[in-house]
Structure formats: C-alpha cells, structure tokens
Amino acid sequence: MKKLIALILLSLTLIVNFNQAIPEQGASILLLRNPAPPQSVQPGEQVHFEWNIIASSTEDYVRFFIENPDGDDIFEQQYPAPEGMSESIDYTVPAGSPDGVYWAGVEYYSIESGLEAIAMVSFYVSTLRGDLQIVVFNDTNSNGIRDPGENGMPDIIVRVDGPLGGPVTLSTDSDGACLLTDIPVGTYNIEVECPAGYINTTGTMVEADVIQDSLTTVEVGLRRMKSQIEASKTGPSTADPGEIITYMIRIENTGEVEIPSTTVVDPLPEQVEYLSSSYGGIYIIGDNTVTWNITALPPGASITIEVQVKINPDLSTPTTIINQASAHWEDPIEGQIEDSQTNEVTTEVNVGGGGGGGGGGGGMQVPEFNLTVMIATAIMILLLTKKFRRI
Ligand SMILES: [Ca+2]
C-alpha cells in the first residue's frame with residue numbers, strides 16, 4: 001500500500017514538474033520533491049529535493065531557492081559550474097515556520113543567455129496533521145452503505161481537494177482504497193470518477209474532515225447500471241383452421257443504458273404458415289423462423305413487431321398451438337450476450353363438427369333440468385293441496 005502511494009505521489013510530482021518547467025531556450029529542468037502535497041511536513045522536518053537539468057548551452061551556475069507562503073525567499077543556494085546540473089538537497093523546515101504552501105525553485109543560468117530555465121514545485125507545511133482513507137466499493141444493492149460482500153473497486157480515479165489546495169488525482173488500489181497520510185487537518189472534498197456504465201450511490205462529491213492524529217475513512221459507493229431487455233408476446237386464444245392470425249412481440253428496454261443491438265427470433269409453430277411481418281422481419285424457410293434486428297434502443301423505449309401467419313386449413317382434430325419468441329441482446333457494460341424469452345402464447349384451434357355437436361348436446365341439458373324441476377314442483381304443490389284439503 002505504502003509503495004503504491006509513493007509511486008502515485010512520485011508520478012504526480014513528475015506531472016507537476018513537467019508542467020511547471022519553463023525551458024526558455026531549450027534547457028529543461030526536472031525537479032522532484034518528497035513528500036508531495038497533500039502530504040505535509042511539520043516545522044523541524046525535512047523535505048527532499050532532487051533535480052536534473054538538460055541543456056545544450058554552457059552552464060554558468062544553478063540557483064536553488066525556497067519561498068514561504070508570503071512569497072519571500074527564506075533559503076538560497078548556488079552551485080557554480082560544473083555542479084548543479086544533477087543535484088539533491090534535504091531542506092529542514094525551520095522550527096516556528098508558519099503553516100501553508102511553500103515553493104521550491106531551481107534556476108539554470110547559462111553563459112549564453114543568463115537565466116535560461118526555471119522550475120518550481122510546492123510543498124506543504126502543517127503543524128496539525130491527520131490521515132485520510134478513501135474506499136470505493138461496488139454498492140450492488142444500491143443502498144449507499146457498504147454491506148458484507150460488497151467488494152472494493154480497483155483503478156478508480158479519485159480527486160481530492162484540500163484546505164491548502166488541490167486537487168490531487170489518485171487511483172484506488174486492488175482493495176478499492178487510496179490513503180493520504182500526514183495531510184493538513186481540515187475539510188477535504190472528494191470526487192470519484194464514475195467509470196462508464198456505473199452510477200454513484202453516495203453522491204458525486206463527498207466532504208470529509210481530517211482530524212489531528214486520526215484516520216478519517218470515507219466510503220464511496222458505485223453501482224453498475226442495469227441493462228435489461230424484456231420481451232412479451234400476444235396472440236389469439238382461439239382460432240379456426242385456415243384463419244389468418246397475428247402475433248405481436250413487444251421488446252422493451254427496462255434497463256438504464258441504451259442497448260445497441262437486439263435480435264428477436266420467433267420460431268413459428270409447425271401448424272402455421274408464414275405470411276408477413278413488420279419491422280423488416282426476415283423469414284427463413286428451412287427453420288420456419290422469423291428474425292428481426294433492432295438497432296439502438298434507449299432506456300424506457302419499446303418496439304412492437306408483428307408477424308402474420310395462417311393456421312393450417314387441413315387441421316382435422318382440435319389442436320393447441322404454442323408460440324414463444326426470444327430476444328438476444330448485447331450488454332453494453334459487460335459486453336456479453338444476454339437472452340430474454342417471451343411468454344408462451346397458446347391458441348386453441350377449433351375444428352368444426354366435433355365442437356359444435358358438443359355445444360348442441362350441452363344446449364339440451366339446461367331445458368331438461370328445468371323441466372324436471374318444474375314437474376317435481378308441480379307434484380309437490382299437488383300433494384300439498386291434497387293434504388290441506390284433508391285438513
Ligand atoms: Ca450496499
């Protein structure tokens with residue numbers, strides 16, 4: 001962990017220095033310091049500087065200097081030629097120095113041009129210091145809290161703005177963490193860069209207070225955006241032999257990301273003959289299958305496609321036709337192909353004669369029953385009337 005942070009800080013230092021080197025006539029200066037902000041030193045502690053100068057001109061001398069937060073030079077050292085082109089120095093911050101942002105500079109003077117190049121880097125002096133740890137985790141249940149089993153996310157870019165300046169850019173390690181040690185106390189603003197396909201579950205900016213001699217830990221949750229296609233199908237529940245029926249297939253993006261490409265496949269039942277389809281459906285005779293290609297479908301969007309078929313007119317016995325389609329789509333975040341099945345559509349094919357006869361038989365049953373009830377009721381009334389007459 002410490003090694004990684006050292007590497008990160010070193011790389012940051014390199015970036016800062018390359019940006020701040022001002023080669024005026026071809027000379028360039030690489031100036032490094034340790035520790036690099038936001039890590040700070042207390043008065044009495046040392047800051048290490050080293051530099052390397054590349055020049056095609058003739059060296060006159062090199063000047064190293066340090067400025068306090070007010071911009072006043074508080075330290076200066078000159079290196080006459082041939083010294084100073086590649087040097088290091090450990091500077092001890094004097095006891096009683098005020099807290100703040102200090103600057104160190106290296107100036108290169110050549111015989112030909114005088115002051116030819118200058119590089120400057122900042123360093124922090126802080127009497128009160130603490131540590132800050134930022135952990136980025138995969139908030140799989142999206143509740144903004146790190147629950148057991150929710151792993152840290154490596155290689156996430158984190159920007160930290162502190163009370164003395166910033167931001168510094170860090171990257172999380174294999175445990176999803178980055179650690180800043182010996183940084184000035186105060187309020188820090190942390191911004192975590194969301195990778196494509198993820199959203200932040202704990203807010204895009206997190207504020208953290210660093211307290212003296214304490215470790216402040218901030219947990220930032222990210223969640224993978226949902227990518228989902230839902231497919232459903234409708235069709236008639238009954239039909240006759242030879243009837244033309246229409247199946248409707250609805251494809252809906254119920255996720256949070258655009259699905260770039262969806263293929264819908266409808267293997268037709270053997271009892272039907274393909275007639276036509278909407279939305280550029282392609283019918284393959286050998287497979288008796290219709291296929292559609294749907295391009296970019298944004299979140300919340302849906303498409304309904306149709307296929308017309310004719311029920312086999314030669315069906316002679318009651319038949320149940322079952323049809324089910326499927327959607328195959330590419331998850332744009334993970335890059336893998338996913339499948340969604342529609343519901344099954346069941347169509348009962350009535351075959352004339354058998355069904356009608358059954359209906360007729362049923363039709364006779366109701367009056368027969370009523371007649372029986374009426375006759376029974378009449379007998380009852382007759383019997384009761386006779387009984388009353390006797391009384
Ligand atoms: Ca959670």
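Modeller: The part to begin with is an open sheet of four strands in the order 13-10-17-15, in which the pairing is mixed. Strands here are DSSP runs (E, at least two residues), as helices are (H or I, at least four residues), numbered from the N terminus, and two strands pair if DSSP finds at least two bridges between them. Strand 13 (177–184) and strand 15 (198–200) are the edge strands of this sheet, each pairing on one side only. Neighbouring strands are turned by 25° against each other on average, direction ignored, with axes taken as lines fitted to C-alpha atoms (for helices over the stretch in contact) and angles running from 0 to 180 degrees between N-to-C directions.

This is a predicted model, so local features need pLDDT of at least 70 and side-chain atom pairs count only at pLDDT 80 or more, while totals for chains, interfaces and linings use all residues. Residues are numbered from 1 along each chain as its sequence is written.

Another open sheet of four strands has the order 12-11-14-16, and its pairing is antiparallel. At its edges stand strand 12 (165–171) and strand 16 (205–210), each with a single partner strand, so that one side of each is left without a neighbour in the sheet. The twist from one strand to the next averages 25°. Strand 11 (residues 157–162) pairs with strand 14 (residues 186–192) in the antiparallel sense over four bridges, and with strand 12, again antiparallel, over five bridges. Val160 can be followed to both sides: it stands opposite Ile190 in strand 14, and its bridge partner in strand 12 is Val168. A hairpin of two residues leads from strand 11 to strand 12.

To place these sheets in the whole, the protein chain has two helices and 29 strands. Buried residues make up 28% of its 391 residues, where buried stands for 20 or more other C-beta atoms within 10 Å of the residue's own, exposed for 12 or fewer and partly exposed for what lies in between, with C-beta atoms placed from the backbone. Of the contacts with a separation of 6 or more, 68% are between residues 24 or more positions apart, a contact being two C-beta atoms, placed from the backbone, within 7 Å.

The largest nonpolar core has 25 residues, and Ile29, Leu31, Val106 and Tyr108 have the most contacts inside it; such a core is a set of buried Ala, Val, Leu, Ile, Met, Phe, Trp, Tyr and Cys residues joined through C-beta atoms within 7 Å. At least two residues of this core come from each of strand 2 (28–34), strand 4 (46–54), strand 5 (59–67), strand 8 (100–110) and strand 9, with strand 9 giving the largest share, seven residues. Val106, leaving aside its neighbours within four places in sequence, is in contact with Ile29, Leu31, Trp51, Val62, Phe64 and Ala119. Apart from this core lies another, of 24 residues, which includes Ile229, Ile311, Ala325 and Trp329.

Val121 lies in strand 9 (residues 114–125) and counts as buried because it has 22 C-beta neighbours inside 10 Å. Val121 and Pro37, 84 residues apart in sequence, are 9.8 Å apart in space from C-alpha to C-alpha.
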